[in-house]
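Reader: Could we go through this structure together, beginning with a ligand site?

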Amino acid sequence: MRETSQLPAPGSGAFVFTAQEIRELDADLARRDLLELTMEHAGARVAEVIHARFPTGPVLALAGGGANGGDTFVAARHLHALGREVYVLAQGTRHELAGRMRRRLEGLCPIELLTEERLCAGLSKTRVVLDGLLGTGFVPPLREELTQWIRRINEAGKTVVSLDLPTGLPSDTAGDGSDAERVRADLTLALVGFKPGLLFSEVGEVQVLDLGVPPALLERHAHASCITPEEVRALLPRRVRGAHKGTAGRVYVLGGRPGYTGAPSLTAYGALRAGSGLVALYSRAELPRHPVESMAHRIEDWNALTALPRPDAVALGMGLGEDSVPVARRVLSWKVPVVLDADALQSELRGAGHDAVVWTPHPGEAARLLGIGTGDITRDPFAAARALQLAYGGTVVLKGGPSVIATPGALRVCLAGNPGMATGGSGDVLSGVIAALLGAGLSAPEAAIAGVYLHAAAGDRAYARLGYGLIASDIAHEVAPAWHVLHQASSEIL
Ligand SMILES: NC(=O)C1=CN([C@@H]2O[C@H](COP(=O)(O)OP(=O)(O)OC[C@H]3O[C@@H](n4cnc5c(N)ncnc54)[C@H](O)[C@@H]3O)[C@@H](O)[C@H]2O)[C@@H](O)CC1
Ligand SMILES: Nc1ncnc2c1ncn2[C@@H]1O[C@H](COP(=O)(O)OP(=O)(O)O)[C@@H](O)[C@H]1O
Ligand SMILES: [K+]
């Protein structure tokens, strides 16, 4: 599981790029005569970070035949200029720009052809390994000699810094979990932005290096972007002086059945802690542990819903069982904002949604909705979230570590959150948080973005206090202080 301490700062407004998007960005940079400058910048920044984090001892730099190797030659030159002892082992350089960078390094420090023997000798003498063998140009499977070199690097037990991607990790999809075929990096210095593989695989610490690329170019080519606390802060609803419970959002929670009564209660807690003015629960079961601040109604027949006043938002499906589909159809016909979660995530509802629906599947539910395997979802969560959004409409939150959001126009990812949140009921809390924000007037994409972030920030607060022993109700209770801090904070302390 990904450790909290290894997550990049949630404030990082970084972008995410696939290998193809990096190629397009590179072509764009080349047209503007900026590519060489960018490579120079990349290598200089990598050297700067290595020198700051690991200030002593020799560096063994491993350069592949492409641009990842080119960055490595630049980094080696800058490390040399910083007074570091650098030894470079390189494959044949096939990339023109990389070749130029290689020539600029010649005579400054030793550059030899990479062989297994030299690698083993170099590893035995070095303190830090700079892994610049393969980046976004890697096309699996690995060639034989690389598998062997990776094994040697991993067995050496040295500090490993990977340039852009750990060699052997696919850029665009989650790694398959097998450590043997990729470099186990202590730190990966991702250039320009994250690559999907870095977000969805176990890769140690990741730091994104800004290379001074014009922001408009980054935005044009990016696959997805990370949610920032600043944008969530701007989205949070503010109450007017004369606010009353009826104006702060009335949320209905429809869920539960005999034997499954906890889930809707957790949703009600989530909604209340996210500022809902009034929360009413409707269930065919008694809900013994619902928050006393909510109104719980046991109903015999879902037809009773027809007589109720329309709420500002609904969260539906938590513990609801097989009644979910007919109940969802009825509620969707009201055209009020709805969160569809858990048992309501059924393929029968394809085509029944509308723009103000937020679908919140975890990977198992997403697989059910798309009729594919869970592994297909977790291999490429961005593609899965986009496919779900196209098939079902509205906004899709694909939960996980990290969670991905597909709105009609964008893919977003939330870097906050931690594995402590892998506990029963934490998703139920999330549907309440999102419903509260919908009820307060946010659009479906806004409520999904702000809700996922608030829930994750609450999870991080709960983890800081309780570690892996945190439970879902702790997350619900931490939503209030997470919101409050965000609401009050100046941009300096975000
Ligand atoms: N805009 C950016 O982000 C920039 C990216 N840059 C660098 O450019 C890199 C991408 O460069 P390239 O496209 O040249 O690709 P790479 O340098 O990642 O790899 C290309 C080389 O790897 C070999 N290769 C591919 N698959 C292999 C396999 N299965 N087994 C063994 N060898 C294999 C290819 O034959 C080729 O020689 C990025 O990772 C980054 O380091 C930098 O140059 C600066 C600008
Ligand atoms: N490793 C993790 N990192 C970050 N968030 C996580 C992690 N594991 C779980 N979560 C979050 O916890 C919640 C779990 O939801 P879900 O699987 O629906 O749980 P449940 O069905 O028990 O309510 C999601 O919001 C998910 O993003
Ligand atoms: K690399």
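Author: The shell of ligand 2 has 18 residues, each with a heavy atom within 4 Å of it; Lys 399, Ser 403, Gly 425, Ser 426 and Gly 427 come nearest. This is a predicted model, in which local features need pLDDT of at least 70, side-chain atom pairs count only at pLDDT 80 or more, and totals for chains, interfaces and linings use all residues. Residues are numbered from 1 along each chain, chains are lettered from A and ligands numbered from 1 as written, and side-chain values use heavy atoms, without hydrogens and water.

Reader: Which backbone atom lies 2.7 Å from an oxygen atom of ligand 2?

Author: A polar backbone atom of Gly 425 does. A backbone N or O atom of Asp 428 lies 3.2 Å from a ligand 2 oxygen.

Reader: How much of ligand 2 does the protein bury?

Author: The protein buries 77% of the 580 Å² that ligand 2 exposes when taken alone (Shrake-Rupley method, 1.4 Å probe).

Reader: Which helix gives the largest share of the shell?

Author: Helix H15, residues 426-439, with 4 residues (helices are DSSP runs of H or I, at least four residues, numbered from the N terminus).

Reader: Changing topic, what does UniProt list for "binding site"?

Author: The unreviewed UniProt entry lists Asn 68, Asp 131 and Thr 167; such annotations may be inferred rather than shown by experiment. They span 100 residues in sequence, but no two of their C-alpha atoms are more than 9.8 Å apart, so they gather at one spot.

Reader: Is Asn 68 buried or exposed?

Author: Asn 68 counts as buried because its relative accessibility is 9% (buried means under 20%, exposed over 50%, partly exposed in between; 1.4 Å probe, protein chains only). Asn 68 lies in helix H3, residues 67-81.

How values were computed:
Polar contact = N/O pair within 3.5 Å; in protein donor to acceptor, adjacent residues only side chain to side chain. Helix = DSSP H or I, 4+ residues; strand = E, 2+ residues; numbered from the N terminus.
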